[in-house]
Amino acid sequence: MSEVARDPLYRRHRFPAEIIAHAVWLYFRFPLSLRMVEDMLAARGIIVTHQTIRSWAEKFGRHFAREIKRRSAGCLGDKWHLDECVVAINGKKQWLWRAVDQDGFVLEVLVQSRRNAKAAKRLMRKLLKAQGRTPRVMITDKLRSYDAARRDLMPGVEHRSHKGLNNRAENSHQPTRRRERTMKRFKSARQLQRFVSIGVVAWITRRLILSGGFQSPDPDFDDAAQVQCRSAGQDCQAEISSDELAGI
């Protein structure tokens with residue numbers, strides 16, 4: 001096994017760390033159900049139940065998310081697009097607040113029950129804490145709560161409020177909508193927050209791997225291994241696309 005597989009995090013797990021990480025990445029990156037991931041692993045000769053994949057997602061997903069967020073803090077864009085969308089959970093409205101940069105990388109996602117200045121301020125506080133800096137410019141729709149929160153927390157930041165300028169953030173909600181349909185709606189606000197927090201990081205990882213900007217902290221993970229990992233990611237994406245076209 002590799003050095004990563006002998007990490008204490010993977011004790012009492014009979015599968016290698018690479019298989020666990022791949023299964024977790026598949027589940028959070030693409031709109032796949034647990035049984036779909038089970039079938040994809042079985043096609044490669046890896047027999048694992050969907051209940052096991054669920055436990056992997058809950059245990060390792062949060063760990064991967066924290067690590068990747070820590071490594072990407074302060075390295076993303078300086079133009080923030082902020083937007084919110086409504087998600088119905090058990091007949092009640094919850095608001096999914098999202099911030100992305102000019103390249104489409106998701107900076108923060110937060111589930112809240114309100115759509116007001118207090119909720120916008122909470123999102124901005126988390127953004128400032130995670131990124132460690134203020135943006136060069138902030139772009140939102142015409143919701144006035146954004147400007148009220150900006151005046152309190154970032155009075156010197158330029159604010160552009162126009163619906164047509166905020167398509168970057170609005171398009172970023174689409175993967176969540178696809179997952180909502182696959183899961184037949186989210187069951188609770190906590191489940192939604194847990195999923196979007198980990199799913200966003202899985203999406204960022206895919207973008208970084210395919211663009212060549214992902215650097216592993218493992219010193220034994222050399223350039224050749226990174227090229228192999230990137231190639232595997234591209235092959236997996238092509239396979240997922242062909243499966244979707246086939247009606248899966």
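The following exercises, each with a worked solution, concern the predicted model shown above.

Residues are numbered from 1 along each chain as its sequence is written. In this predicted model, local features need pLDDT of at least 70 and side-chain atom pairs count only at pLDDT 80 or more, while totals for chains, interfaces and linings use all residues; side-chain values use heavy atoms, with hydrogens and water left out.

**Exercise 1. Overall architecture**

Task: State how many helices and strands the chain has, and give their order.

Solution. 
Step 1. Begin with the terms: helices (H or I, at least four residues) and strands (E, at least two) are DSSP runs, numbered from the N terminus.
Step 2. The chain has nine helices and five strands.
Step 3. Read from the N terminus, the order of elements is α-α-α-β-β-β-α-β-α-β-α-α-α-α.
Step 4. Burial is considered next: 44% of the 248 residues count as buried, where buried means under 20% relative accessible area, exposed over 50%, and partly exposed in between (1.4 Å probe, protein chains only).
Step 5. Contacts (heavy atoms within 4.5 Å) complete the overview: among those between residues at least 6 apart in sequence, 59% join residues at least 24 apart.

**Exercise 2. Confidence**

Task: Determine where in the chain the confidence is lowest and where it is highest.

Solution. 
Step 1. The quantity required is pLDDT, the predictor's confidence in each residue, from 0 to 100.
Step 2. The chain averages a pLDDT of 77, and 74% of the residues score at least 70.
Step 3. Helix H9 (residues 223–245) has the lowest confidence, at a mean of 50, and H5 has the highest, at 93.
Step 4. Two stretches require caution. Over residues 1–5 the pLDDT is below 50, and this stretch has ten contacts in the model beyond near neighbours in sequence. Residues 207–223 also have a pLDDT below 50, with 28 contacts in the model beyond near neighbours in sequence.
Step 5. Where pLDDT is low, the predicted coordinates should not be read in detail.

**Exercise 3. The pairing of strand E1**

Task: Identify the strands that E1 joins through bridges and state how each pair runs.

Solution. 
Step 1. Two strands pair if DSSP finds at least two bridges between them.
Step 2. E1 and E2 run antiparallel and are joined by nine bridges; within this pairing, Val87 has Gln94 in E2 as its bridge partner.
Step 3. E1 and E2 form a hairpin with two residues between them, and Asn90 in the turn has a positive phi of about 55 degrees.
Step 4. E1 and E4 run parallel and are joined by three bridges; here His81 has Ile139 in E4 as its bridge partner.
Step 5. E1 is mostly covered, since nine of its eleven residues are buried.

**Exercise 4. Aromatic pairs**

Task: Classify the Trp25–Phe30 and Trp97–Tyr146 pairs by ring geometry.

Solution. 
Step 1. Rings of Phe, Tyr and Trp (its six-membered ring) pair if their centres lie within 6.5 Å; planes under 30 degrees apart count as stacked, over 60 as edge-to-face and the rest as tilted.
Step 2. The structure holds three aromatic pairs, including the two examined here.
Step 3. The ring centres of Trp25 and Phe30 are 5.4 Å apart and the planes are at 85 degrees, so this pair is edge-to-face. Both Trp25 and Phe30 are buried.
Step 4. For Trp97 and Tyr146, the centres are 5.6 Å apart and the planes are at 70 degrees, so this pair is also edge-to-face.
Step 5. Because Trp97 lies in strand E2 and Tyr146 in helix H5, the pair ties together parts that are 49 residues apart in sequence.
Step 6. Trp97 counts as buried at 0% relative accessibility, and Tyr146 counts as buried at 0%.
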